[in-house]
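Work through the exercises below with the coordinates open. Try each task before you read its solution.

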Amino acid sequence: MTTAILVVMCVMVGALELYASKQSRDQQRAFVRRIDELNEQVTKQNSVLVTVGEQLTAELSKVKREVLPALDSRLRHNTDRVEELATVVHHADEFVRAQAGRLHELEQQRVTLAALRRKLGEVETSVRTVTATGAATMEGKVDTALDRLTDLERSGAEILELQRTLTRTLEDVEDVVAELLQFTEGSLDDAVTTALTGHRGNGGAAVTATGRLWTRDAPLEDILTEVYERSVLAGLEIRFRTVEGPDGTAPGSPERRRYFLGGQHSDDLAGAFTAVLISTGADLPRNGGPGGLSREPGGALPQRVSPVRPPEDEVALKALLRTLYESGGAVAQIGPLMAVRTRDELLCAILTPAQSLELESDEVFWDPSAAAERLRRLPSHQLWDLTVWGANP
């Protein structure tokens, strides 16, 4: 029995060894096949890598040959751009810091306003809880506070208007100072020329005439000033000018404009203005008024004959007279010429130096009614009534 068991066991051991040997050979063959497959895959991948390496080499050569030089120039160009951007970023950083500071201030203001809102809420709550007797007192305090706030707002508006007035005044002062400097420089140049050559130079034209302008029509003031200065510049030069009110520089009052002119003497101006006024008076209807000349019948120009175009200074002066007529009251003086517009008439006169000095001493230049009354006392050859001419454009 024991022998049979040993034989069976030996047979089983042999079978197991044979089976194990067969399994080992199968695994060995499978491992060899796997190794062959891996070798084949490695070979294929190696071929692919070789191809890719050749392509990469070609691409790198192309990049070195074509791209790198362009990149170098672009890099140099972009370096400057980067520096500019760095500067911009620096400015932006400063701006951000400034805005951060401003934001901090706004945040503090917001906190303050929140605290004020809470305080107002507490005040409102306390006002609601007071008795009827105390309510009247509290309402009086609230009304007083509101009146105070209204006064502060009104004062702020007045301060703003004063600031605007001060700005305009400073601009006028700057203009006057610039004209005075120009006049002084011209006078100095003339003095130097005279000292060196013994002859008077041309650069320092002296003041040879004065001018004045005043109107009570505030809407027409700017237009009248522009037309007046255009009329002056047609034959003269404005050396400098001043602007003041009747009481110094009282705000809201009609401005008194004084001009100091150069370029022609008073005698020459008187002759030129007289010729223009005679020409203007000739445009009046028959029996047009005192000081005016009548146009006789038959004064029309022949056919195919063009009228002579008046000179520029005559056109400018007539435009000034038209503008004066459109105002409700104005006085304009250019050297010996004085034009006065009252509510009813437009008068022009050519004054002598003594007459101008007399009117200036009496301060008649700034009063249209008084000026018109004084002009009517002048001899007829010095006075022109252009009321009808102004009414007939």
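Rings of Phe, Tyr and Trp (its six-membered ring) pair if their centres lie within 6.5 Å; planes under 30 degrees apart count as stacked, over 60 as edge-to-face and the rest as tilted. The model is predicted: local features need pLDDT of at least 70, side-chain atom pairs count only at pLDDT 80 or more, and totals for chains, interfaces and linings use all residues. Residues are numbered from 1 along each chain as its sequence is written, and side-chain values use heavy atoms, with hydrogens and water left out.

**Exercise 1.** Count the aromatic pairs and classify what you find.

Step 1. The rule gives one aromatic pair. Step 2. The ring centres of Tyr228 and Tyr259 are 5.0 Å apart and the planes are at 45 degrees, so the pair is tilted. Step 3. Tyr228 is in helix α3 (residues 218-233) and Tyr259 in strand β3 (residues 256-262), so the pair ties together parts 31 residues apart in sequence. Step 4. Check burial (buried is under 20% relative accessible area, exposed over 50%, partly exposed in between; 1.4 Å probe, protein chains only). Tyr228 is buried at 0%, and Tyr259 is buried at 1%.

**Exercise 2.** Find the pairing partners of strand β6 and describe its cover.

Step 1. Strands pair if DSSP finds at least two bridges between them. Step 2. Strand β5 (residues 337-341) pairs with β6 in the antiparallel sense over five bridges. Arg341 stands opposite Leu346. Four residues separate β5 and β6 in a hairpin. Step 3. Strand β7 (residues 383-385) pairs with β6, also antiparallel, over three bridges. Here Leu347 has Asp385 as its bridge partner. Step 4. In β6 (residues 346-350), five of five residues are buried. Leu346, Cys348 and Ile350 point one way, Leu347 and Ala349 the other.

**Exercise 3.** Is Gln355 buried or exposed? Then list its contacts beyond four places in sequence.

Step 1. Gln355 lies in helix α6. Step 2. Its relative accessible area is 18%, so Gln355 is buried. Step 3. Contact means heavy atoms within 4.5 Å. Leaving aside neighbours within four places in sequence, Gln355 touches Ile350, Leu378 and Gln382.

Notes: Helices (H or I, at least four residues) and strands (E, at least two) are DSSP runs, numbered from the N terminus.
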